[in-house]
Amino acid sequence: FIREPMCAKCGEPNTPSRLCSKCRQHPLKLEFIRSVAIFQGTLRDAIHRFKYERLSSLAGPFGDLLAQYWIADNLHADWIVPVPLHSARQRDRGYNQSALLARRLSDRAQTPAIAQALNRIRITAVQMELDAAARRQNVAGAFECVDWRVKDKRVCVIDDVCTTGATLDACAEALYQAGAASIFALTLARTP
């Protein structure tokens, strides 16, 4: 599990100063990103099964981990919004894993979710094959907010894994364009 010390912005663990070098070079639009645990070992294997082997039943225990973190860290939002998949990728996978996590977290944290507040308006390359700069470029302008209930509200963006934060930040940009007041992100895991 990830706890202090961490970067105040991106949540990178074991950061001795307030901001990690990446956040000093490329500041996030998000207020902050928090992740429950490191993406390695059994958790990494389970998340891969959840995403790529259609083991959607893992949304329950994974969503419960998010809710435990939410409650322990006293997080608050007006809306929970999942990172969207492109419709073609969602058809192939059969579901959006982030939407399943958001639904479970919403139930447990008693915070409403908007399952389709964001649309992925173009197909992007698979992020895990790209470096940090290419990730930011890959997802720039890839999302649009289609639900104006976020206007003047505090929004939490949910995803399964955070690597550089590029996808989450691109989602935040779309939400800010729709008038969201503040945005933070919570993920199940982050890469070491």
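Q: Which helices each supply at least two residues of the lining of the second largest pocket?

A: In this predicted model, helix H1 (21-25), helix H6 (132-139) and helix H7 (166-177) each supply at least two residues of that lining. Helices (H or I, at least four residues) and strands (E, at least two) are DSSP runs, numbered from the N terminus. H7 gives the most, with 4 residues.

Q: On what basis are numbers and features reported for this predicted model?

A: Residues are numbered from 1 along each chain as its sequence is written, and side-chain values use heavy atoms, with hydrogens and water left out. As the model is predicted, local features need pLDDT of at least 70 and side-chain atom pairs count only at pLDDT 80 or more, whereas totals for chains, interfaces and linings use all residues.

Q: What makes the space a pocket, and which residues are the closest to its centre?

A: On a 1 Å grid over the protein atoms alone, a pocket is an open set of points with protein on both sides within 12 Å along at least five of seven lines, while a cavity is a set where a 1.4 Å probe fits but cannot get out; lining residues have an atom within 4 Å of a point. The second largest pocket holds about 350 Å³ of space, a volume being the space filled by probe spheres set on the points, which are joined across faces, edges and corners. Of its 22 lining residues, His26, Leu28, Arg136, Thr164 and Ala166 are the closest to the centre.

Q: Why are S1 and S2 called edge strands?

A: The open sheet of 4 strands has the order S1-S6-S5-S2, with parallel pairing. Strand S1 (33-38) and strand S2 (79-82) each have a single partner strand, so one side of each is left without a neighbour in the sheet. Two strands pair if DSSP finds at least two bridges between them.

Q: How do you know that S5 and S6 are paired?

A: Strand S5 (residues 154-162) and strand S6 (residues 182-190) pair in the parallel sense over 8 bridges, where at least two are required. Ile158 stands opposite Leu186 in S6.

Q: What does helix H2 touch when it packs on the sheet?

A: Helix H2 (residues 41-52) touches S1, S5 and S6, and its direction makes about 110° with that of S6. Contact means heavy atoms within 4.5 Å; axes are lines fitted to C-alpha atoms, for helices over the stretch in contact, and angles run from 0 to 180 degrees between N-to-C directions. Helix H5 (residues 97-109) touches S2, S5 and S6, at about 130° to the direction of S5.

Q: Why is the chain called as compact as a globular protein of its length?

A: The chain has 7 helices and 6 strands. Its radius of gyration is 15 Å, close to the 16 Å that the globule rule gives for 192 residues, so the chain is as compact as a globular protein of that length. The radius is taken over C-alpha atoms, and the rule is 2.2 Å times the number of residues to the power 0.38.
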